[in-house]
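Please read the points below with the model open.

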Amino acid sequence: MSKVKIGIIGAGRIGKIHAENLLKHPEVEIVGVSDLFAGPELEAWAAAKGIGLLSKDSDAIIGHPDIDAIFICSSTDTHVPLIKQAAQAGKHIFCEKPVSMSILETAEAIKAVKEAGVKLQIGFNRRFDHNFKRVREHVEAGTIGDLHIVKITSRDPNPPSKEYIKVSGGLFMDMAIHDFDIARFVSGSEVVEVFAQGSVLVDPVFEECGDIDTAIVTLKFANGALGVIDNSRQAVYGYDQRVEVFGSKGSVAIANDHPNTAVVSTAEGIISDKPLHFFLERYMGAYADESKQFIDSLVHGTALPVTGEDGLQAERIALAAKLSCKLNRSIKLAELDELLLQSAIL
C-alpha cells in the first residue's frame, strides 16, 4: 500500500483533529467524511480541506470502494456496529476509546476484526505523549530496577456538562480508562486486582446522573507491584497529569507540561504559569503521533502500537473499578466473567 485512502466517521472535535493530522501526512488522502449532523458549516470545512465527499450516512464511507481505512470518531454507542461493518467491508480501523461500554460487545468487535484479517488500533493517545513514553523507556531499560509502585494523578480542569455526564459511561469508563491503560503501559504488567472508592465532591449533578467526580483506585499488578490512581473532575489550577514509577533502584517521574518554564520570583511570592489548559493542548502532539503510527503500520507493515486487546483490557479494569466502588470490595480481574453472569448491574 503506497498511499492510504482514509474515511472518517464522526466530524466533531476529535474527528477534525484526526483529519488535520492526517492531511499533513504525505502518504494519506482523505476521501470522505460522514457525520449525522453534516450541514453548511461542515461542508465549508470539508471544502477548505479538499475533502471531496461529505455525507450524513456512514455507509457512504464504509461502502466506498476506494477507502482503505476508517477512523471511527463518532459516539461510543456506535463503535461496535461500525467496527463490525468496516471489518466485513475489509477496511482497516482506527477507533476512539472506549470501544464500548460492554466488555462482551468489545470482545465481539475484536473477533470480527480478527476474522476479517484487518487491523484495529484504539485511540489511547497518552501512550504517544513524550513524557509517558520516556517513563516506559526507563522501566523497560531497567533504570529503576524491579517495579514496586506506580502512582498516577489525573485531574480535569473543569467538569463536563450534565448532558455529557448522562451518556459518558461514568468516571471510570470515560475518564480513568486512560489512566488504566497508562498503568499497563508504563508498568509493562497486567492488572490483576482493583479496589476503588468514589465520592461526589465537585458537583451534585454527578450524583443525579448516578456518577462520581472524585476517585481513588488501587491496583495490584501480575508482577506483584502496586498502583494508585487519583482522579478528579475539577482541578481549579488546570489540567493535572503526573506519573511516578518507583522501583528497587530508583524512580522516574513526570510533571505537568506548561506553556513556558518561566518562574517569576519576587518578595510577594514565586509565580509560574498554570499547566496547559486541557487535553487538546496537552496531548496535541500525541494525537499526531498515534495517527502517524497507524498509517505507518498500514504502509510499512509495522506492528500496531495499541490493539483491540489493549482496549479490552482497559475496559476490564474500568469495569472492575466500577464494581469495586459499588460493592465496596476489591475485585479480581479473573472474577469479571462470573460476575457478568451473576449481576444485573453490569
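The numbered points that follow take up the basis of the model, its helices, its sheet, one glycine and its cysteines.

1. The model is predicted, and local features need pLDDT of at least 70, side-chain atom pairs count only at pLDDT 80 or more, while totals for chains, interfaces and linings use all residues. Residues are numbered from 1 along each chain as its sequence is written, and side-chain values use heavy atoms, with hydrogens and water left out.

2. Helices (H or I, at least four residues) and strands (E, at least two) are DSSP runs, numbered from the N terminus. Axes are lines fitted to C-alpha atoms, for helices over the stretch in contact, and angles run from 0 to 180 degrees between N-to-C directions.

3. Helix 4 (residues 79-88) packs with helix 5 (residues 103-116) at an angle of about 10 degrees, and their axes are 9 Å apart. Helix 4 is therefore roughly parallel to helix 5 (angles under 35 degrees count as roughly parallel, over 145 as roughly antiparallel, 65 to 115 as roughly perpendicular and the rest as oblique). Helix 4 contributes Val80, Ile83, Lys84 and Ala87 to the contact, and helix 5 contributes Glu105, Thr106, Glu108, Ala109, Ala112, Val113 and Ala116; contact means heavy atoms within 4.5 Å. By class, this contact has seven nonpolar, one polar and three charged residues. Here Ala, Val, Leu, Ile, Met, Phe, Trp, Tyr, Cys and Pro count as nonpolar, Asp, Glu, Lys and Arg as charged, and the others, Gly among them, as polar.

4. Helix 9 (residues 177-187) has 11 of its 11 residues buried, so it is largely enclosed by the rest of the structure. Buried means under 20% relative accessible area, exposed over 50%, and partly exposed in between (1.4 Å probe, protein chains only). Among the buried residues of helix 9 are His178, Asp179, Asp181 and Arg184. Gly188, which follows helix 9, has a positive phi, near 70 degrees.

5. Seven strands form an open sheet in the order 12-11-7-10-9-8-15, with mixed pairing. Two strands pair if DSSP finds at least two bridges between them. Strand 12 (250-254) and strand 15 (331-332) are the edge strands, each pairing on one side only. Strand 8 (residues 191-199) pairs with strand 9 (residues 214-221) in the antiparallel sense over eight bridges, and Ala196 stands opposite Val217 in strand 9. Helix 6 (residues 130-141) packs on the sheet, where it touches strand 11 (240-247) and strand 12, and its direction makes about 170 degrees with that of strand 12. Helix 13 (residues 308-327) also packs on the sheet, touching strand 8, strand 9 and strand 15.

6. Gly227 lies in strand 10 (residues 226-232). With 3% relative accessibility, Gly227 counts as buried. Leaving aside residues up to four places away in sequence, Gly227 touches Val150, Val217, Thr218, Leu219 and Phe221.

7. Strand 13 (residues 263-266) and strand 14 (residues 269-272) pair in the antiparallel sense over four bridges. A hairpin of two residues joins strand 13 to strand 14, and Val263 stands opposite Ser272 in strand 14.

8. How many disulfides are there? The count comes to zero disulfides, a disulfide being a pair of cysteine sulfur atoms within 2.5 Å. The sulfur of Cys95 is 8.2 Å from the closest cysteine sulfur, in Cys73, which is too far for a bond. Cys73 counts as buried at 13% relative accessibility, and Cys95 is buried with a relative accessible area of 0%.
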